[in-house]
Amino acid sequence: MTARAVMVLGTTSGAGKSWVATALCRWYARQGLSVAPFKAQNMSNNARVVPGPGGLAGEIGSAQYFQALAARRVPDVAMNPVLLKPERDTASQVVVMGQVRPDLAAVPWRTRSEALWPFARDALHGLMDMHDVVVIEGAGSPAEINLHASDYVNMRTAREAAAACLLVTDIDRGGAFAHLYGTHQLLPPDERALLRGFVLNRFRGDASLLAPGPAQLEAMTGVPTLAVLPMWRGHGLPEEDGVFDDTPTGGGLHVAVVAYPRISNLDEFQPLRGLAGVRLSWARSPADLATADWIVLPGSKHTSSDLAWLRGQGLADGVVGHARAGRPVLGLCGGLQMLGDVLHDPDGVDGNATGLGLLPLHTRFATDKRLCHTTARFGAVDGPWAALAGATVDGYEIRHGRTRATATDAAAVLHNADGEAIAWQRGPVLGTYTHGFFESPDVMRALFGAAARPLDAVFDGLADYLDTHFTPGALMRLLAP
């Protein structure tokens, strides 16, 4: 292996690993180095379509997709060789090197980890053979002692890559020094030796008040605190997991996205978060829809169960009433399927269900998953969506569903390269299979008169942030043998 590896670990899930790793990808790329991201296994329903072996399209976690762009590299399945996509609390779809592996989904957790590690190890070695730096993201905590023996995502990967490790903690939650010290102490001595620096993330207040904490922590562990990162809500990256806070724009168009339990690809709403004159909110109850101008049904990893949840929460009636009042409703992928009449599942992929009946569509779930990048131009669109006529959407499809119209009063307004209809409109209701809808500049200009902040500017802003808040010279020293 020729590359040096820098790994970002966290004391907890949500500590800030993903955005720090993304920032490091751009920071090292700006030093003229060839950089690639890597995460051995991601658990997320936010995924992107990227190139895979043999020319097949595959899927990886969205975090590694953005990290690759930050590193100025074409995203590839090797950057996230294992992706687990939760379908229920106790079951996930297993994606290996971009492709679904049903045979591995039924294997017990610890046994499955040992079967998956060779794929991750080989992908890691391949990236390290081709690049100067590999920025590795861990998962959760590296010190879960009940899982340590079978955890290949954190310290097994760190040892394999001889990685210089940063340990990030969310100081806003409290207990940061205890989290850092406890994580350090629970690791075996050979793994502790890989920790090169602590990072205090999401700090609010006067940093001088932290003293003498960092110095005492270093005296106890031998590990310095390399950065105190102030709270920064507007960095421009989507959250990897979970919904993000509403945008406090103080008015304008209110777009309510229904946040069902198995929501997927929510990162594609990030462009709306920072758009002037738009308020993005997440709806979990009928009251959350009361002031909405638009309602969006996003993607779902398990459409039938999320549709049942929609009805159980009383949200279904709110969506239907909104549409019947002539107000815009948009469905994306799983949301499109919910808008139809019937969800038919003869092979047990997702589940049978009755849709909301707002579009005359019949969806049949197939065992094979369609994965592709899609660039298509809207045809004739009317009503509240008329501005989209002629606009180009540049996005991606990740779906088991195959949908057809059952009546002529729903117009097919978008077709993919295979000639398959992938969007339909009836009155104020529009449904499309194209993810990345709000990431398409043409769509944003048509609907809002402005495009989102360019991703390159976001990545450069992240790298600048590291420059400002890391100890001078610390990031280059991580590359020293």
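Glu 191 has a relative accessibility of 1%, so Glu 191 counts as buried; buried means under 20% relative accessible area, with a 1.4 Å probe and protein chains only. This is a predicted model, where local features need pLDDT of at least 70 and side-chain atom pairs count only at pLDDT 80 or more, while totals for chains, interfaces and linings use all residues. Residues are numbered from 1 along each chain as its sequence is written, and side-chain values use heavy atoms, with hydrogens and water left out.

Where does Glu 191 lie? Glu 191 is in helix 7, residues 189–192; helices here are DSSP runs of H or I with at least four residues, strands are runs of E with at least two, and both are numbered from the N terminus. Leaving aside residues up to four places away in sequence, Glu 191 touches His 148, Met 155 and Arg 159, contact being heavy atoms within 4.5 Å.

Strand 18 (residues 329–332) runs parallel to strand 25 (residues 429–432), with 4 bridges. Leu 330 has Leu 430 in strand 25 as its bridge partner.

Last, the whole chain. It holds 15 helices and 25 strands. Of its 481 residues, 58% count as buried. The C-alpha atoms fill a box of roughly 70 × 50 × 40 Å along the principal axes.

Definitions and conventions. Buried means under 20% relative accessible area, exposed over 50%, partly exposed in between (1.4 Å probe, protein chains only). Two strands pair if DSSP finds at least two bridges between them.
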